[in-house]
Amino acid sequence: MAAFLSSLLIFSLFSFGTSLTSNYYQKTCPAVESLVRKAVTDATKRDKTAPAGLLRMHFHDCFIRGCDGSVLLSSKGNNKAEKDGPPNVSLHAFYVVDNAKRAVESVCPGVVSCADILALAARDAVVSGGPSWVVPKGRKDGRISKASETIQLPAPTFNISQLQQSFSQRGLSLEDLAALSGGHTLGSSHCSSFNNRIHNFNSTTDIDPSLHPSFAASLRRVCPAKNNAKKAGVAMDPSSSTFDNTYYKLILQHKVLFSSDNALLNSPKTRSLVSKFASTNDAFSKAFVKSMIKMSSITGGGQEIRKNCRVVN
């Protein structure tokens, strides 16, 4: 009963943004998309990890209180903000949103929300080999950001039941879970996110038996049991700076990092989608676009247009 009430409470915080439109800023700030795209492009030239950072940031924003830019707020006084919650301490590329916001404010002051800028930046982050899409706009910025709420984020250790529950609480389906997990084609991961699979897996075996042996061995070399290098980690896939369907091929080869990645094989629905996306990049791209638009349309209690994305007005 307690779990049901908890699920009900989480679901009540979210709604799908019926007021979002593709031409929301057509008259008030027509340059917004080009300005955000330039900020992302400029950052990516200097920092190849920026696209993965922006995409992950948008996911983490939408999964807590909806896509309201609350992940961008800095901690203040006694309030520890989302970005300082355990799952978010490795988030990066906030500076890209700051740069885009400054550029937009110089042309259209007080018009475009930080939540919309982040949604646009996440879209522009996948252009390296990936699809593009029209981002619905009109989100408002939230005024509440609590590190304690980041416990609601799906963890890399989740099994398929936990993943399904987390997504369904936000109105997202198994199809969305399979498609959005493809975002793991970008970026890298710290050892801490997959150590559970390569050391002390359970009482009888040290290594997750679902991992390909040679892949497990390579991970253990990079991430030994007594690993003191906090920044040690590995790429999510060999083409980690290109948005493609390699991730799904690796799932079928049992060469993915997270338990939650491998969990997609443990449901007939998601397993079928993994096979489909592995066989054709076009099918993955179309599904990813559909699910990104759906996820980025989850709105919470946003109330304002922040002047500075790191602080409430």
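Asp-206 counts as partly exposed because its relative accessibility is 32%, where partly exposed denotes values between buried (under 20% relative accessible area) and exposed (over 50%), computed with a 1.4 Å probe on protein chains only. The structure is a predicted model, in which local features need pLDDT of at least 70 and side-chain atom pairs count only at pLDDT 80 or more, whereas totals for chains, interfaces and linings use all residues. Residues are numbered from 1 along each chain as its sequence is written, and side-chain values use heavy atoms, with hydrogens and water left out.

The side chain of Asp-206 meets that of Arg-220 in a salt bridge, with an N to O distance of 2.8 Å; a salt bridge is taken as a side-chain nitrogen of Lys or Arg within 4 Å of a carboxyl oxygen of Asp or Glu. This pair links distant parts of the chain, 14 residues apart, with Arg-220 in helix H9 and Asp-206 in the loop between H8 and H9. Helices (H or I, at least four residues) and strands (E, at least two) are DSSP runs numbered from the N terminus. Arg-220 has 30% relative accessibility and therefore counts as partly exposed.

Over the whole structure, the search finds 15 salt bridges. In one of them, the side chains of Arg-123 and Glu-33 meet at 2.7 Å, N to O. Arg-123 belongs to helix H5 and Glu-33 to helix H2, so this pair ties together parts 90 residues apart in sequence. Arg-123 counts as buried because its relative accessibility is 2%. Another salt bridge is formed by Glu-175 and Lys-269, whose closest N and O atoms are 3.2 Å apart. Glu-175 lies in helix H7 (residues 174–180) and Lys-269 in helix H12 (residues 268–279), so parts that are 94 residues apart in sequence are tied together. Glu-175 counts as partly exposed at 35% relative accessibility, and Lys-269 counts as partly exposed at 38%.

Disulfides were also identified, each being a pair of cysteine sulfur atoms within 2.5 Å. By this rule there are four disulfides. With bonded cysteines counted along the chain, the disulfides follow the pattern 1-4, 2-3, 5-8, 6-7.

Cys-29 and Cys-108 are both buried.

Cys-114 and Cys-309 form a disulfide in which the sulfur atoms are 2.1 Å apart. Cys-114 is located in helix H5 and Cys-309 in the segment after strand E4 (298–299), so the pair ties together parts 195 residues apart in sequence. The S-S torsion of Cys-114 and Cys-309 is about -95 degrees, so the disulfide is left-handed. Cys-114 and Cys-309 are buried.

In the disulfide of Cys-191 and Cys-223, the sulfur atoms are 2.0 Å apart. Cys-191 lies in the loop between strand E2 (188–190) and helix H8 (195–198), and Cys-223 in the loop between helix H9 (213–222) and strand E3 (233–235), so parts 32 residues apart in sequence are tied together. This disulfide is left-handed because the torsion about the S-S bond of Cys-191 and Cys-223 is about -70 degrees. Both Cys-191 and Cys-223 are buried.
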